Amino acid sequence: MAAGTVPAVTAPEVSVVIPIYNEAENLRDLVARVHEALAPRPGGFELICVDDGSRDGSDKLLVELAAERPWLKPVILARNYGQSTALQAGFERALGRYVATLDGDLQNDPLDLPALLDRLETDDSIDMISGWREHRQDRAISRRLPSRMANRLISWATKVELHDYGCALKVYRREIIERIHLYGELHRFIPSLAKEAGARIAEVPVRHHARTRGVSKYGIDRTFRVILDLLLIVFVLRYRQRPLHVFGGLGLSLATPGVLILAYLMALKILGEEIGHRPLLMAGTMLVLVGLQFIVAGLISEMLVRIYHEGGARPQYHVRSARMPADGSR
Ligand code: UDP
Ligand code: MG
């Protein structure tokens, strides 16, 4: 749905989006518990379960469950794309004023949703709430320790201080969802992306249960991928608008000493000294050449940024409130 679109009058107030990959054993309970949590609330809700190419019949079961539950809306993806893409597919279909996410394995507790939604509804000073698994029920060495390290690293690198980035249980105002776009493994960095999109984030402790049915879809290898992704995200978030500042800065700091060295050798030569095959000559030339390469890379990426923005692809900023509309009409 396009940014700023006002949901129809009949739209449910809350959209819950859950990515589902081989969770057939959990689906019935999941659907029942979300209903139990949200049915008593006025305003209505919808549950968008995005089947991410399951091979255990989750897709068929979802369709079957949806037959007698009008609020359950299955989205069946053509193949397994990964959690980020599944979430994005759900976000694009969400109609609610508030959007909630959680995992499909019942490790998050749908019964936490009402309290989070109430807080978001009544507290104007926040745009999203991220769950904090204070008592996380996962293995210590293979899961909790790497995730604690990743949390620290992400907090430090993206300047969004949360205890628990990885908690899937989150609630958002719809605008925030419209401003972020998830792909690859970006769901791990939602708070950073949301903050960049202007969201004010709160963190609230939530329950967490051990996975009792089905298996985790991730192993230890993801910790390493997360670190690589982190490099990318920090770079993208900080320098997306001015890549020349990074590449150019690096280029200048290499080329400048290079130029100085060459100037020095030139002076020696003018004074009649034989400079021959000095290692310094080599070093100076290398520094200048490599520095120039970086500067050129900076210019090229700067051009890409210009083309991107001039193409009007995505808004450059988001307004929280303004007395005047952007086009100047009143
Ligand atoms: N998931 C998905 N696509 C994938 C992998 C996972 O939609 O390729 C879903 C999965 O069904 C679950 C959520 O993402 O609802 C989190 O996965 P999991 O519980 O395996 O992760 P963990 O809790 O072990 O971090
Ligand atoms: Mg899980």
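**Close-up views of the predicted model**

**Strand 6 and its partners.** Strand 4 (residues 98-101) and strand 6 (residues 170-173) run antiparallel and are joined by four bridges. This is a predicted model, in which local features need pLDDT of at least 70 and side-chain atom pairs count only at pLDDT 80 or more, while totals for chains, interfaces and linings use all residues. Residues are numbered from 1 along each chain as its sequence is written, and chains are lettered from A and ligands numbered from 1 in the order in which they are written. Helices (H or I, at least four residues) and strands (E, at least two) are DSSP runs numbered from the N terminus, and two strands pair if DSSP finds at least two bridges between them. V171 in strand 6 is the bridge partner of A100. Strand 6 also pairs with strand 5 (residues 128-133), in the antiparallel sense and over three bridges. There, I129 stands opposite V171, and S130 stands opposite K170.

Strands of a sheet pair through backbone hydrogen bonds, either parallel or antiparallel.

**Surroundings of ligand 1.** Ligand 1 is surrounded by 16 residues, of which P19, Y21, G104, S216 and K217 are the closest. Strand 1 (14-20) and helix 3 (83-91) are the elements that give two or more residues to this shell. A residue counts as near if its C-beta atom, placed from the backbone, lies within 6 Å of the molecule or strand. By class, the shell has five nonpolar, six polar and five charged residues, where Ala, Val, Leu, Ile, Met, Phe, Trp, Tyr, Cys and Pro count as nonpolar, Asp, Glu, Lys and Arg as charged, and the others, Gly among them, as polar.

Most residues other than glycine have a negative phi. L106, in the loop between strand 4 and helix 4 (113-122), has a positive phi near 65°. L106 counts as buried because it has 21 C-beta neighbours inside 10 Å; the cut-offs are 20 or more other C-beta atoms within 10 Å for buried, 12 or fewer for exposed, and partly exposed in between, with C-beta atoms placed from the backbone. K159 has a positive phi of about 60° and lies in the loop between helix 5 (140-158) and strand 6. K159 has 12 C-beta neighbours inside 10 Å and therefore counts as exposed.

**Residue F235 in helix 8.** Helix 8 (residues 221-239) contains F235. This residue counts as partly exposed because it has 13 C-beta neighbours inside 10 Å. Between F235 and S216 there are 30 Å in space, C-alpha to C-alpha, and 19 residues in sequence.

**The two domains and the annotated segments.** The domain assignment gives domain 1 (14-239) and domain 2 (243-308), with bounds that come from an automatic or database assignment. The C-alpha centres of the two domains lie 47 Å apart. The unreviewed UniProt entry annotates residues 246-268 and 280-300 as "transmembrane region". Residues 246-268 are 100% helix and 0% strand, with end C-alpha atoms 34 Å apart. Residues 280-300 are 100% helix and 0% strand, with end C-alpha atoms 30 Å apart. UniProt positions follow the numbering used here, feature names are shortened, and annotations may be inferred rather than shown by experiment.
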